[in-house]
Amino acid sequence: MSGKPSILIVDDAASLRAALRTFFTNEGYPIIGELSHGKGVVESIGRLKPDVVCLDYNLPGSNGLDLLKQIVITHPDTSVVMITGDTNPTLEADAAEAGIAGFIRKPFTPEQILREIRRVTHTRALLRRQGAAPVPAHEAARATAVVADDSAAMRLLLVSILSQAGIRVHEAVSDGRQAVAAVVRHKPDLVCLDMDMPVMNGLDALAQIKRSEPTSKVLMITGHMSRETIQAAGQRGASGYILKPFDPAKVTEAVGKLLGFQA
């Protein structure tokens with residue numbers, strides 16, 4: 001066994017299934033099944049128990065978003081990476097809200113899909129190690145937070161990390177606009193804000209958050225941050241940033257320093 005997560009490929013295009021199979025097999029990922037339609041996907045997941053499902057959005061006789069919602073409810077331990085050529089501008093936000101772990105638009109390169117799978121794999125591994133429940137409502141929290149990330153798995157991971165540090169997460173949302181609204185509602189001490197999100201990106205959300213709640217400290221979280229982006233985030237009021245994939249201990253340390261306590 002490679003130790004890498006098993007993958008179920010669901011796509012109606014035989015050529016794309018073959019390409020994905022080649023990409024993943026060459027990297028040592030076990031392919032445990034392939035399906036060309038949406039019918040029976042949920043049942044197949046229950047039987048095959050894949051760690052990751054690569055799910056095409058446009059499948060014969062199926063609505064990919066409805067299928068995603070079913071998978072998230074019935075098989076919450078399975079991570080879903082949606083792959084689509086659909087140009088619907090709200091689809092990524094809808095998928096993020098429904099609990100997607102990753103999102104790729106066609107056409108994509110082997111490097112793009114493999115990078116997304118590696119990111120999902122890393123997050124799954126960290127989640128298994130974390131396993132922390134949120135701070136109980138009756139217990140005093142050291143600080144409060146709002147988390148914003150378009151990956152459901154990343155939201156869970158950040159909530160777990162913050163909870164272990166004694167920080168109560170009021171809300172974990174999937175896009176920048178929701179993040180702004182959540183910060184206005186809760187006035188948290190800390191905001192963990194992903195840079196790349198649908199509806200409103202992290203930089204735009206950061207600017208609005210700092211205007212509405214200037215005392216909330218914002219920690220930007222991203223997989224790729226250029227010098228220009230770092231400068232732009234700083235100008236808009238970011239208190240710091242963490243690069244994905246990250247180590248939970250480093251996140252805890254950065255949060256503790258930012259909030260003025262030993263996390």
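## Pockets, a helix pair and some backbone details

The largest pocket has a volume of about 740 Å³. This is a predicted model, in which local features need pLDDT of at least 70 and side-chain atom pairs count only at pLDDT 80 or more, while totals for chains, interfaces and linings use all residues. Residues are numbered from 1 along each chain as its sequence is written, and side-chain values use heavy atoms, with hydrogens and water left out.

A word on terms: on a 1 Å grid over the protein atoms alone, a pocket is an open set of points where a 1.4 Å probe fits, with protein on both sides within 12 Å along at least five of seven lines, and lining residues have an atom within 4 Å of a point. Volume is the space filled by probe spheres set on the points, which are joined across faces, edges and corners.

Helix H5 (110-130) is among the elements that supply at least two lining residues, along with strand E7 (102-105) and helix H6 (152-164); helices (at least four residues) and strands (at least two) are DSSP runs numbered from the N terminus. H5 gives the largest share, seven residues.

The second largest pocket has a volume of about 320 Å³. It is lined by 15 residues, with Pro-76, Asp-77, Ser-79, Leu-127 and Leu-156 closest to its centre. Here H5 and H6 are the elements that give two or more residues to the lining.

These two helices also meet directly. H5 and H6 pack at an angle of about 35 degrees, with their axes 9 Å apart. The contact (heavy atoms within 4.5 Å) includes Arg-119, Thr-123 and Leu-127 of H5 and Leu-156 and Ser-160 of H6.

| Cis bond | Omega |
|---|---|
| Lys-106 to Pro-107 | about -5 degrees |
| Lys-244 to Pro-245 | near -10 degrees |

Pro-107 sits in the loop between E7 and H5, while Pro-245 is in the loop between strand E12 (240-243) and helix H10 (248-259).

Lys-49, although not a glycine, has a positive phi of about 55 degrees. Its relative accessibility is 61%, so Lys-49 counts as exposed (over 50%; buried is under 20%, partly exposed in between, with a 1.4 Å probe and protein chains only).

Conventions
Axes fitted to C-alpha atoms, helices over the stretch in contact; angles between N-to-C directions.
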